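Load the model in your viewer and show it as a cartoon.

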Amino acid sequence: MNKIAKYNCIEFLKSEGSPIVIVSVAEEAEAVLNACKENGIKVSAFCDNESRKTEKKFCNLNVVHTPALKKKFPDARFIVAHHNIKDCARQLDELGYNEIYSSLELLKNYDVAKYKHRVTQPYMASKILVSKTTHDLYFDESKTYLRSIDVMITTKCSMNCKNCANLMQYYVDAKNTDEKIVEAIELLSKNVDYIGEFRIIGGEPLMNKDWAKIVSSIIDKDSNREVFIYTNGTINPKEEHLEAFKGKNVNFRITDYGKLSKNVDNMEESLKRHGIGYRREVAENWVDCSNVKQHNRSPARLKQVFKECCAKKFYTLLNGKLYTCPFIANAANLKAIPDNKADYVDLFSEKENLKKKIKKLVNMENFFPACDFCDGRPNDPTTAKEYAGKGLIKAAEQTQERLPYTEYN
């Protein structure tokens, strides 16, 4: 097994050598930095693929744009904090670096309670657990794992964003998804070795009045599951629902859209009162990627679009089908792209070799046919080689009407 990233890192990083850089400013990167300090490892900087994240410091250290690393650090040693260690290691390898380490050894005995973090303690504990497991599985090629699964429980939304990356602005007849959500989750779980996070999304998931029942069903099947509810802060959950999740692995990820998120303060107070983990973050600019249009790209260009995509591992479960990303999931659900079985796995229809077909989708390294209908979704549109969008745009710009699109029969 020849892996680019290495496991044993502490002794190598404690010794004299090139500067040390932590890869990505994900939530768990803060814990990686704390673990470095505990072990006498001096970190020089962070790096991240999103140039907008380099505009301010993270944990009092500078953040360098990853594609520009060679200018700042001709030689460096790297600790990958991001969950997608495979892509991070490959990118650094292509840049010419060879000292790349997983953060797994550093986080192995990390005590969350010892520190005050930028996010709540339960939220950080969940993130670290997922990160450790996905890094562990990186070193085991026999396993099929999903770092996360976006469980779409509704296409209804309390906002109407013109440039929603999940394509909610195209739904004329928005509704809750089918009643077999939990059954589909169990079928998926039986045919993969690990799912790190169950991310409950929409639309706005709290628009589905059964959202709490769905979350409870997921947790009740396996109390070790980590569930994250992605919400826009417009709807405050009922007290009885939050009380039921106390002490369970349920966290909220709140995006604060200012005046549009009219109940965000009440929601935060409710979550604090019930001891439920959460992260609240102010919405930044979005990468424009909501247009659905065929580009007629060559295979080489499609491969580049897929390589640069930041959402290609945002596995999405919608109406019993597993997709690699929310764009393909919703474009297919809207019939805005031709139906192509190469774009998804139908969990209820593919009874034979289901595990093999899921593994094939998860391990795809080239592209999916539906990628030709996407403008691309790179981490940083300014450095992308194959991107047809407008670049960074204002987040959550509202529209009064549903947007038109071409529907395929």
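Predicted model: local features only at pLDDT ≥ 70, side-chain atom pairs only at ≥ 80, totals over all residues.

Residues are numbered from 1 along each chain as its sequence is written, and side-chain values use heavy atoms, with hydrogens and water left out.

**Stop 1**

Helices (H or I, at least four residues) and strands (E, at least two) are DSSP runs numbered from the N terminus, and two strands pair if DSSP finds at least two bridges between them. Next, select E4 (residues 77-80), which runs parallel to E5 and is joined to E5 by three bridges. Val80 stands opposite Ser102 in E5. Axes are lines fitted to C-alpha atoms, for helices over the stretch in contact, and angles run from 0 to 180 degrees between N-to-C directions.

**Stop 2: the eight-stranded sheet**

Move to the open sheet of eight strands, ordered E10-E9-E8-E7-E6-E12-E13-E14, with mixed pairing. Its edge strands are E10 (277-282) and E14 (344-346). Select 145-152 and 194-201 to see E6 and E7, a parallel pair with seven bridges. Helix H7 (residues 181-190) lies across E6, E7, E12 (316-318) and E13 (321-323), at about 170° to E6.

**Stop 3: salt bridges**

Show the side chains of Glu50 and Arg52, a salt bridge with its closest N and O atoms 2.7 Å apart. The term requires a side-chain nitrogen of Lys or Arg within 4 Å of a carboxyl oxygen of Asp or Glu. Both residues are buried (buried is under 20% relative accessible area, exposed over 50%, partly exposed in between; 1.4 Å probe, protein chains only).

Then select Asp372 and Arg297, which meet at 4.0 Å, N to O. Asp372 is in the loop between H13 (354-362) and E15 (392-393), and Arg297 in the loop between E11 (286-287) and H11 (299-308), so the pair ties together parts 75 residues apart in sequence.

Finish with the salt-bridge network of Lys86, Asp87, Arg90, Lys312 and Glu365.

Notes:
Contact = heavy atoms within 4.5 Å.
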